[in-house]
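Trainee: I have a new structure to look at. Can we go through it together?
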Amino acid sequence: MTLDASRGAQAPPELVQLLTPEGERVEHPDYDIDLKPEEVRSLYRDLVLVRRIDLEAVALQRQGELGIWASLLGQEAAQIGSGRALTDADMAFPTYREHGVAWCRDVDPVKLLGLFRGVNHGGWDPKEHNFHLYTIVIGSQTLHAVGYAMGIQRDDATAAVIAYFGDGATSQGDVNESFIWASVFNAPIVFFCQNNQWAISEPLEKQSRIPLYRRASGFGFPGIRVDGNDVFACLAVTRQALKNAREGQGPTLIEAFTYRMGAHTTTDDPTRYRVASELEAWKLKDPIERVKAYLFKNEFADQAFFDSVEGEADQLGADLRRRCLAMPDPAPLDIFDHVYAEPHALIDEERAQYAAYLEGFES
Amino acid sequence: MSVLSLSKALNEGMRKAMEDDPKVLIMGEDVGKLGGVFRVTDGLQKDFGEDRVIDTPLAESGIVGTAIGLALRGYRPVCEIQFDGFVFPAADQIITQLAKMPMRSLGAIKLPVVVRIPCGGGIGAVEHHSESPEAYFTHTAGLRVVACSNPADAYTMIQQAIRSEDPVIFFEPKRRYWEKAEVDTVNTDWWMPLDRGRTVRQGTDITLIAYGPMVKTCLEAATAAEGDGRSVEVIDLRSLNPLDAPLVMDSVRRTGRAVVVHEAPVYSGFGAELAARITEQCFYRLESPVLRVGGFSTPYPPSKLEEHYLPDLDRVLDAVDRAFGY
């Protein structure tokens with residue numbers, strides 16, 4: 001049996017790639033994209049800024065300011081490419097690692113930190129950004145995404161949904177059920193699987209005997225594998241899949257072939273289960289470096305541009321740190337808020353009892 | 001006034017809710033052309049179409065998970081779980097998502113989803129078709145849990161559950177589906193709030209507390225006890241979460257004795273919560289410990305044995321006798 005988990009430097013076949021790791025534009029018969037220099041510069045800026053947000057969050061965790069952080073390092077192109085393919089009317093359902101997509105949906109990065117700092121379980125209004133809350137239980141959100149897409153159908157609206165999940169999630173019952181639902185109801189949805197090769201310590205071989213994108217055919221819709229470190233390809237492929245969904249052609253599974261360059265979360269130690277050479281091989285396929293090389297080679301950007309983006313990133317990181325530290329702790333009685341939308345006798349009783357208990361310490 | 005069976009009352013209640021609000025959807029296995037295995041959704045797909053009465057693939061997690069997504073888009077889905085024992089594949093979506101997402105969103109999200117579950121035994125069914133899983137859900141913060149016991153409540157409570165901005169787990173006593181009673185489907189001034197219980201028989205000596213299928217059993221026991229000169233009060237809780245505690249405590253303070261009756265196993269059952277609360281709040285008025293009558297600490301038995309497992313009139317009367325033995 002040949003397993004298709006080439007986690008090394010070798011690109012697997014069937015991969016849609018429009019920009020090589022060396023920054024060369026390549027043609028693809030089915031997917032192409034015509035990006036103006038300023039659009040490429042804008043994508044580059046996105047990539048650099050979300051990497052900086054991530055780096056700052058890791059540092060905040062190391063200094064005890066966050067309980068945990070799930071790093072997106074290495075997956076910037078998959079997230080920015082797919083995130084920038086969305087229209088305002090489209091809806092995104094993330095896992096807990098889609099900080100780059102959150103950036104594309106204008107969610108203030110400091111709001112992402114709330115749940116990792118332990119001040120709340122989710123700090124933004126999904127309706128305001130068309131970006132759902134982070135979902136921690138693996139794969140659950142794919143069903144919410146399909147249900148939402150079924151709502152779009154019933155509203156006769158022109159919009160699509162994108163559901164994010166990882167390679168490990170493809171083993172979940174909910175993800176498979178969501179494929180079935182999307183298929184039989186022809187729901188306007190794009191399943192965007194970031195195959196970062198590792199589900200914590202488990203390599204892809206523990207999840208699948210076949211490339212993940214090929215799973216789609218068994219459910220009756222197209223599956224495509226894209227170079228997840230190529231922001232051009234991720235943008236082009238996702239844009240097309242979303243367009244198909246909006247036009248009533250049903251779901252698509254996109255497997256973004258990428259690599260989790262960091263740990264699963266800040267509590268994880270990848271040195272226990274993977275070899276250093278693997279990471280070194282993937283570093284050569286870095287999602288940001290190839291865009292930088294492309295901009296340089298084609299003289300679409302000069303050093304002043306790169307310096308200005310770096311400066312902006314520094315500022316963003318410092319600002320994120322300052323606002324993270326300034327984030328107020330919740331008040332004890334906040335525990336009882338929002339459990340129910342309507343009045344609830346038990347919650348009211350317990351809130352009053354605990355308030356009285358706390359007051360006992362004040363005298 | 002119409003004479004309706006409990007299943008027809010649910011059907012009429014859902015029909016009314018669908019007429020009143022175009023966002024109300026029905027979804028589940030076989031709810032369309034078949035009208036559900038108990039015919040509770042009979043005729044609704046014919047009248048409201050396949051977009052509003054959705055025959056789903058056979059996957060309970062999918063039913064509840066996609067219902068959550070539809071609710072996020074502004075719909076009010078009513079999910080049918082075909083049988084009590086089939087709810088567990090959906091337990092993750094109910095417990096980790098449906099119950100918790102509103103709090104997770106700091107109130108930005110409301111999930112007006114109803115999960116209807118035919119529950120309880122007594123119909124001679126095979127395994128997994130006779131269970132009483134209510135305690136799993138009353139233990140889960142964020143859910144409202146209700147149980148109807150008669151056609152009039154079925155008619156009103158299902159409409160109130162659909163209108164609720166919170167998720168509601170709605171238990172239907174399957175062996176009472178075919179029992180009929182008069183229901184006023186015209187006026188609404190007689191409706192009770194969804195989170196209130198009801199005293200269905202007044203008495204002075206002891207309080208029987210039940211919900212769903214056991215309400216009728218307790219009423220029969222109360223009638224029988226009358227012959228022994230005992231005046232038995234019967235409370236139909238209707239809502240398990242939240243609990244109508246004032247109704248229960250006022251009654252037990254008057255009678256001094258309480259017996260909780262449910263089909264679910266006694267151990268860690270909902271009756272344990274009632275017994276503890278009654279003891280805490282009525283301690284000085286109790287003439288006897290709060291007793292519980294329910295299923296055994298066994299899986300639901302084969303149907304040839306279910307009459308031994310299910311509380312019946314005699315087991316309730318036995319508990320009443322024991323309560324008077326203190």
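Mentor: Two strands pair if DSSP finds at least two bridges between them; helices (H or I, at least four residues) and strands (E, at least two) are DSSP runs, numbered from the N terminus. This is a predicted model, where local features need pLDDT of at least 70, side-chain atom pairs count only at pLDDT 80 or more, and totals for chains, interfaces and linings use all residues. Residues are numbered from 1 along each chain as its sequence is written, while chains are lettered from A and ligands numbered from 1 in the order in which they are written.

Trainee: OK. In what sense do E6(B) and E7(B) pair?
Mentor: Parallel, over four bridges. Within that pairing, Val145(B) has Ile169(B) of E7(B) as its bridge partner.

Trainee: What order do the strands of the open sheet in chain B take?
Mentor: The order is E3-E2-E4-E5-E7-E6-E12, seven strands with mixed pairing. Strand E3 (53–55) and strand E12 (239–241) of chain B are the edges, each pairing on one side only.

Trainee: Switching topic: which domains is chain B divided into?
Mentor: Domain 1 covers 2–183 and domain 2 covers 198–324, with bounds from an automatic or database domain assignment. Their centres, taken over C-alpha atoms, are 26 Å apart.

Trainee: How many residues does each domain of chain B put into the contact?
Mentor: Domain 1 of chain B gives 25 residues and domain 2 of chain B gives 20. Two residues are in contact if their C-beta atoms, placed from the backbone, lie within 7 Å.

Trainee: And which element supplies the largest share on the domain 1 side in chain B?
Mentor: E6(B), with four residues.
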